[in-house]
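Please read the sequence alongside the coordinates while the following paragraphs move from the contact between chains to the parts within them.

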Amino acid sequence: MIVICSALVALISYASLSVLKKSAFYKPSYLSQHVEPSNFDYIILGASTGLTTLNTELIDSLNHTKGINLAMDDTALATQYLMLQHFIYEGKSTDYCILAPSVFDFDVTDSVMSGNDYRFMMFNDRDYVQNHYSTFDGTDANLLKLSRWFPALGVAYYNVEILYPALQATVKPEKRNRFDANGNYVYPLSSSDDQKINTSTTFQIGFKNPWLMKIKALCETNNIKLIYYISPLQGYSVMAAPQINEVINHSDVLQNKKYFYDDIHVDRKGRKKVTELFADRLAQIME
Amino acid sequence: MLFNSIDFVIFLPIVFACYWLLRRFHVNYQNSLVVISSYLFYAWWDYRFLSLIIFSTIVDYLVGNQLKIANTESKRKLLLGCSLIANLGLLGFFKYYNFFIESWIEAWSKIGVELEISTLKIILPVGISFYTFQTLSYTIDVYRNKIEPTHNIFQFAAFVSFFPQLVAGPIERAKNLLPQFGSKRDFDTDTAMSGIYLIIWGLFKKMVIADNCAFFVNQIFNNTGNFSSAELFVGAMLFGFQIYGDFSGYSDIAIGVARLFGIKLMTNFSFPYFSRNIAEFWRRWHISLSTWFRDYLYIPLGGSKGNTIRTIRNVFVVFIVSGFWHGANWTFIIWGLIHAILFLPLLISNRNRTYINTNRIHLVQLPQILITFLLVTIAWIFFRADSVTTANQYIYDIISFNGASLESYVNSSKRLLFSLFIVISIVILLIFEFIAVQKDQEEVKLSNAKAVFIMLIICFMGVFKNPSDFIYFQF
């Protein structure tokens, strides 16, 4: 009984990961299997702020460039480093890397695994993915690590996130999980009134997160120019440490509540406005 | 240590192997191992409260032996009183001290007198209500000359602390469990296999049904104002399945684990949602507690021996005390009171024992089953709500019928998925239980194929990430 059950679980788990690996459901697989160009002018790495603030389709139409948004929600800089490794491993290249994490992540010094790192599980036969999971402690990291040899551990633990998307992907391999063909996602229009933001609290970020150094080093090794991006915040103004040069700071460019979906995310209107500003600044840098 | 934790997955095989390696030696070795591993199991949660279990064990062991040699009735009563005061005193202090102080202050404040009595930050020791009742049953049975006291401290300590049922029951009787620790156990493959099947079934109830239901139940009961009447009603029903899956799942695992050690524990749940009236529900739900109250409270109060008024009084006392046993909150007392009120018509019309010898159900009884389930569901609202006011508001929001939308259950792919899990798992539960009821079985019996099917369901529909605590741990 135990043998039959274990065999079935292992088979289903292996099949789930194989299907997801070939699908477009999560971004790592999408990048690996469904993104044809291999040379980009820029890529966007980051968390939900990067994902929902910068619209690469609009940037490309304004600047006549080729970019892709590789940001994923609920991820920290460690995962963004992993995504950059994944991008390079897939044989792709870019001139610029726009790093747009959660603004609070720039100064985080303790390392905790991100909630969505299971999205790389189907690539855990690769050393850089395994090394990433080995960086962390705890049940989640250990199971993801062990699922290289025992896929059932990771698939059962993340059954909602892996098995059922795999079933969807079996029927519809092109289905993407909340991102468009360019990797972008947008929040709906804000329900906030047309109201000016009067007060603003200022704080400074010092770029102390140790993962920033790793991302910077990896970019330098691969001739990628790194640009830090600080996305708009409602009622906050961020001062970047002066020693960091390549920063596009949009923390206080939106001074009306109607542009915000919540305190740290813009809505569709806000995204358009900020993306236009960003495209203009990026064009200057690229010149 | 939780049954559905990695810790327990490591702990159980080690204890199991050591236990059966010791079978060639005197039974005291096995009992000592049971005691040590049970203390370790308990200390995993909080080692400080081990002292309470050890205290209860020593008190009742000594009282039991003294009762045997006491030659006067007054001395025997004094000894029994010592045990009751020691055990109920600890339970009262840890579980009810703050409740009584707060209720006392509130009562005086209603007539304008503000008292300044401070409450204490008391942590409720896990399982105190369960092992206290278990040890008390031993002393009372010795006092009543129903059982002989044991002179073996290892045997008695194993009886009090046996880890599968230490923290959430079943509340065993000394008459059933104590002799099992006094005799040699031999490994029996059939018993062990039936234990494994029961563990699988219990894990299914806990990890698939209870923990998936908890996803919605917690959201609904924490923000009742945000949901339609239909969503609230479904939320209450889901709580009914959550608490059943959670508690009976724990009991099944406990009974199954005990069988691995050659110990047979009593049945604690007997398909309660197939009950045809409230009286039958209480013969099928938390049987170890309801029979405890029957034997040690209802019957000593006079049971049904006196006139009708006295019988009704006794029923109300038992249900209210039973509610209060669950927790120091008025919600539990009201919950007990509701069940007493629902029981009353059956008692008066002498129909409270109607289905006592007939487990099998007929299709024509379906309306009775549904009505009983509905009544139990309404009572569960008080059990789950934080306060009586919240529960009243919850029921008011259901009956005010402010909408039939069930959108909250399907408004995202994740919620839709959880809803599907719940529907599928409840259907599986009811089918398996229905078959068991019709076959007049005490528990769901799994074949190899069914066990594999259930294990697959657990693997791919169970909640492994951030599972809920067992609800009855708080009692």
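The contact between the chains draws twelve residues from chain B and twelve residues from chain A, where two residues are in contact if their C-beta atoms, placed from the backbone, lie within 7 Å. This is a predicted model, in which local features need pLDDT of at least 70 and side-chain atom pairs count only at pLDDT 80 or more, whereas totals for chains, interfaces and linings use all residues. Residues are numbered from 1 along each chain as its sequence is written, and chains are lettered from A and ligands numbered from 1 in the order in which they are written.

On the side of chain B that touches chain A, α17 (413–438) and α18 (448–461) of chain B each supply at least two residues; helices here are DSSP runs of H or I with at least four residues, strands are runs of E with at least two, and both are numbered from the N terminus. The most is given by α18(B), with eight residues. By class, this side of chain B comprises nine nonpolar, one polar and two charged residues, with Ala, Val, Leu, Ile, Met, Phe, Trp, Tyr, Cys and Pro counted as nonpolar, Asp, Glu, Lys and Arg as charged, and the others, Gly among them, as polar.

Helix α9 (residues 189–222) of chain B has 34 residues and should span 50 Å at 1.5 Å a residue, which agrees with the 46 Å between its end C-alpha atoms; the expected span is 1.5 Å times one less than the number of residues. A bend of about 35 degrees occurs in α9(B) at B:Ala214, taken as the angle between axes fitted to the seven residues ending there and the seven starting there.

Turning to chain A, there are eleven helices and seven strands. The C-alpha atoms of chain A fill a box of roughly 65 × 40 × 35 Å along the principal axes.
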